[in-house]
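User: I would like to learn how to read a structure feature by feature. Please take the pockets to begin with, then go on to the rest.

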Amino acid sequence: MKRSQLLVPTLKEAPAEAQVVSHILLLRAGMIRKVAAGIYNFLPLGWRAVRKVEQIIREEMNRAGAQEVHMPVVCPAELWQESGRWTKYGPELLRLKDRKDTDFCLGPTHEEVVVAMVRADVRSYRELPLNLYQIQTKFRDEIRPRFGLMRGREFIMKDAYSFDVDQAAAMVAYQKMFDAYGAIFRRCGLEFRAVEADTGNIGGSSSHEFQVLAESGEDLIFACDACTYAANAEKAAVGKRGETTESQSFGDQRRKEKEVVATPGKGKVEEVAAFMGASAREFVKTLIVRVDEFRERSAGKPVAGPRERNGEPDGTEGATHTMLAALCVRGDHEANPVKLKLLLGAGTVELASDEEVTRATHAAVGFAGPVGLDLPVYVDHDAAALETFISGANQTDAHVKNCVWGRDAKPTQVADLRVAAVGDPCPRCADGHLKTHRGIEVGHVFYLGDKYSRAMNAVYQDAGGNDAPFVMGCYGIGVTRTMASAIEQSHDKDGIVWPMSIAPFHVAILPLLSPTGDGAKTAAIADEMERALEARGVEVLVDDRDERPGVKFKDADLIGLPLRVSIGKKTLETGKVEVKWRSQKEAVLMAPEEAVAWIAAEVAKAVEI
């Protein structure tokens, strides 16, 4: 392909709106252009890179036994109403009406549509397992679209959905997709980690995120320094230290009775600690949280505390409730509501309103504590290990010291309920400790169970002739985000450094002399090398523009094709060309024929031609 025939409007400076590296370089390299907030056109070079990512995904999905389908972008509201997500998904779901005043939405994901597809035509266990995928445009109405393709409103995604007869079979499908995702991101030339994650709006009970490691990543990842354990900040577990944490200033007071201390106007741990001459480690910090969609699962053991359904008390065993609860962590730690949500199998766990806190504690916000509290009390391991502790007294402007677990406050349950920190013990191995990385989420795999099939009455007949709900998994990859993440991970001050497998072209050939005189010779060599390389499956971009060498070099570095061949006056004199990796400083002189053979071999090695 000749550069003069290609639309590549490079820019010397990026527009002011661009903040992250991928956004800046994609704009400057002439690969994308903004249409509206979070919505972009892909120009030829950018689209070629996107198609490379798509092709890798297709090959690995097909290899894993998935079948490609295509579903509509515009989805009927009635399907989302069946699943219950029409009202629950939130404002990111762009809702619209047609001329008949029928409700639709632009699909941000397609669980409802694929379940409707399968329930219409799959009748028997003999037709399972089944895995369907598509590569398609999605739309999520982000409140603050930013960072170019990293958090846009319209984007390209691969989403797959597996259907099985039971959990064991579904986990086989899950593992196949997990392995396929590893192969996809390795082939894309990315350094990544698969981390345990919360299921979020999708739902389900198990999930992993695939995170591309990059300093600019929005997500915080915790990983063990001795084993393969990794999880995002919401899900990262903390291993038990195995010893009781002794309160230092108050350790000798465990035999004393609890004592209420006036702490006027001091509701924060740091303020009270300074006032009492204690450390934050000696406190139990108590958050009052609202637990929604909580299901009482233990027969005959209703959970203590207020419960309601649709605003009315409901004592039905197994009914879904809303309740208030206390979440307690040590004063120097941060509580993790996601862990409590997972522990309880709840839909959401959020901070209670000020009014709810006051009603539950009979005190102003900032003075809650587990002592004498008539709510379920969920306590983090490290807080529970304190022999004595200080906490809010459930009285405005007061705290209580010399508290002892069991004597003064009884935990409903003790579990890992705090945010992990650097240096925490690994939950999987005996010797490891947690360290942090920054990551960009590019893929996510979920085990869904029967969440959608049961809600939408999607059933098959089992071997006994009985109806049973499909057991599902779902698996997403952000195609355009993967492309942008490669740039976040691989660039330098001069521009993009593409991995070979997803580069728009494999090699740039730069004839450096003007078209007249000796320039005709460099152009002829470039043309001959282009033909020879393309015959071997190598994609070539020849910069045939009548531009100064400096301009061609700068544009080549900006666009970032993996290999560059330069043909100038000095190389003409020696009968050789200069070959250079984009990622390296040094160039090598080779005869044109030798260069063709070497480049073809390197490209084949990298992209499996």
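User: By class, how many nonpolar, polar and charged residues does the lining of the second largest pocket have?

Analyst: A word on the source: this is a predicted model. The general idea is this: rolling a probe the size of a water molecule over the atoms shows where empty space is left. Here, the lining of the second largest pocket has 12 nonpolar, 8 polar and 4 charged residues.

User: What volume does the second largest pocket have, and which residues are closest to its centre?

Analyst: The volume is about 450 Å³. The lining counts 24 residues, and Gly267, Lys285, Thr286, Leu287 and Gly366 are the closest to the centre.

User: Which element gives the most to that lining?

Analyst: Strand β14 does, with 5 residues. At least two residues each come from α7 (269-276), β14 (284-295), α9 (354-361) and β18 (389-392).

User: How do the residues of the largest cavity's lining divide by class?

Analyst: There are 6 nonpolar and 3 charged residues, and no polar ones.

User: Let us turn to the whole protein. What share of the residues is buried?

Analyst: Of the 609 residues, 52% are buried. The C-alpha atoms fill a box of roughly 100 × 65 × 50 Å along the principal axes. The secondary structure comes to 16 helices and 31 strands.

User: And how should I read contacts along the sequence? What percentage join residues at least 24 apart?

Analyst: Start from contacts between residues at least 6 apart in sequence. Of these, 72% join residues at least 24 apart. Glu82 gives a case to look at. Glu82 and Asn457 are 375 residues apart in sequence, yet 9.0 Å apart in space, C-alpha to C-alpha. Leaving aside neighbours within four places in sequence, Glu82 is in contact with Arg119, Ala455 and Met456.

User: Where is Glu82 placed, and why does it count as partly exposed?

Analyst: Glu82 is in helix α3 (residues 77-83). Glu82 counts as partly exposed because its relative accessibility is 31%.

User: Next, strands. Which strands pair with β8, and in what sense?

Analyst: The general idea: in a regular strand the side chains alternate between the two faces of the sheet. As for pairing, strand β7 (residues 130-139) runs antiparallel to β8, with 10 bridges joining them. Gln134 has Asp159 in β8 as its bridge partner. On β24 (residues 471-478), β8 pairs over 8 bridges, also in the antiparallel sense. There, Lys158 stands opposite Ile477.

User: Is β8 mostly covered or mostly open?

Analyst: Mostly covered. Strand β8 (residues 154-164) has 10 of its 11 residues buried. Helix α12 (residues 479-489) is mostly covered too, with 10 of its 11 residues buried. Among those buried in α12 are Arg481, Met483, Ile487 and Glu488.

User: Now the backbone. Where is there a cis peptide bond?

Analyst: A cis peptide bond joins Leu128 and Pro129. Omega is about 5° there. Pro129 sits in the loop between α5 (111-121) and β7.

User: Which residues have a positive phi although they are not glycines?

Analyst: Asn394 has a phi of about 55°, and Asn402 has a phi of about 65°. Asn394 lies in the loop between β18 and β19. Asn402 is in strand β19 (residues 398-403).

User: Are Asn394 and Asn402 buried or exposed?

Analyst: The cut-off for buried is under 20% relative accessible area. Asn394 counts as buried because its relative accessibility is 11%. Asn402 counts as buried because its value is 2%.

User: Which backbone oxygen does the side chain of Asn402 reach?

Analyst: The side chain of Asn402 reaches the backbone oxygen of Glu257, at 3.2 Å.

Methods: Residues are numbered from 1 along each chain as its sequence is written. This is a predicted model: local features need pLDDT of at least 70, side-chain atom pairs count only at pLDDT 80 or more; totals for chains, interfaces and linings use all residues. Side-chain values use heavy atoms; hydrogens and water are left out. Ala, Val, Leu, Ile, Met, Phe, Trp, Tyr, Cys and Pro count as nonpolar, Asp, Glu, Lys and Arg as charged, and the others, Gly among them, as polar. Helices (H or I, at least four residues) and strands (E, at least two) are DSSP runs, numbered from the N terminus. Buried means under 20% relative accessible area, exposed over 50%, partly exposed in between (1.4 Å probe, protein chains only). Contact means heavy atoms within 4.5 Å. Two strands pair if DSSP finds at least two bridges between them. A polar contact is a pair of N or O atoms within 3.5 Å; within protein, one must be able to donate a hydrogen and the other to accept it, and residues adjacent in sequence count only if both atoms are side-chain atoms. On a 1 Å grid over the protein atoms alone, a cavity is a set of points where a 1.4 Å probe fits but cannot get out, and a pocket is an open set with protein on both sides within 12 Å along at least five of seven lines; lining residues have an atom within 4 Å of a point. Grid points are joined across faces, edges and corners, and a volume is the space filled by probe spheres set on the points.
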